[in-house]
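Hi there,

Here is the structure I promised to pass on. Have a look at it first, and then read my notes below.

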Amino acid sequence: MLSHARQDYPELDFRLQDISNFNLSDKFDGAIYAYSLFHLNKNQAEDSIRCLCKVLVANAVVLFIVKTGEHDQSQTMPEPFDLSRRNFCQIYTQRSFLHLLSKHGFHVNKEEILIFEEKDKEHTLANMTMAVIATIHKL
C-alpha cells in the first residue's frame, strides 16, 4: 500500500509505524482512525490512543470508527475481500468506547451508530459500526 501511495502522491511523506506504539515529532490538528482500532485488542487500542494524544495539539479533532455491539467482546470475522480468511475484531459497547475516549481527554461532539445489513448470521453483534467525532482537550 505504501508503494502505491508514494507513487500516486510523491509530494507527501508516508511512514510505516506500529499504530499502538508510534513516535512522531510533528503535531497535528486532526486525525482519522477509521476501521483500525477494532483490529487491536483493548490494551493495544488504549496504547494507540495514548500515542495519538502525544501528537495532537489542543482542540484537535479526531474521527474514530469502531465496531460496536451489545457487549464488549473480541471475535474473528470474515475478511471482506477474502472470505477464506478471518480477522480479529474488538467490539465495544457505545458506553465503553466513549469512556475510553473520555479517559484520555477527548470530548465527544457527535456520535452516530450506523447499522449495516447483516451478512453473517454468526456475527450479528459485530454488524454495527459507530462513528465518533471527538475533540482532545489538553492543558
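Please keep in mind that this is a predicted model. I started with the largest nonpolar core, which has 25 residues. Leu-37, Leu-52, Phe-64, Phe-97 and Phe-106 are the ones with the most contacts inside it. At least two residues of this core come from each of helix H2 (42–54), strand E2 (56–68), H3 and strand E6 (128–136). As general background, nonpolar side chains in soluble globular proteins tend to be buried together.

Leu-37 sits in the loop between strand E1 (28–34) and H2. Leu-37 counts as buried because its relative accessibility is 0%, and the cut-off is under 20%. Beyond its neighbours within four places in sequence, Leu-37 is in contact with Ala-45, Ser-48, Ile-49, Phe-64, Val-66 and Phe-97. Phe-97, leaving out residues up to four places away in sequence, touches Leu-37, Phe-64, Val-66, Tyr-92, Met-130 and Val-132.

Setting aside residues up to four places away in sequence, His-104 touches Glu-46, Ile-49, Arg-50, Cys-53 and Ile-136.

Finally, there is a hairpin, in which two residues join E3 to E4. Strand E3 (residues 73–79) pairs with strand E4 (residues 82–91) in the antiparallel sense, over seven bridges.

Best wishes

Conventions: Residues numbered from 1 in each chain as written. Predicted model: local features only at pLDDT ≥ 70, side-chain atom pairs only at ≥ 80, totals over all residues. Heavy atoms only, no water. Pairing = 2+ DSSP bridges. Helix = DSSP H or I, 4+ residues; strand = E, 2+ residues; numbered from the N terminus. Contact = heavy atoms within 4.5 Å. Core = buried A, V, L, I, M, F, W, Y, C linked by side-chain atoms within 4.5 Å. Buried < 20%, exposed > 50% of the residue type's maximum accessible area, 1.4 Å probe, protein only.
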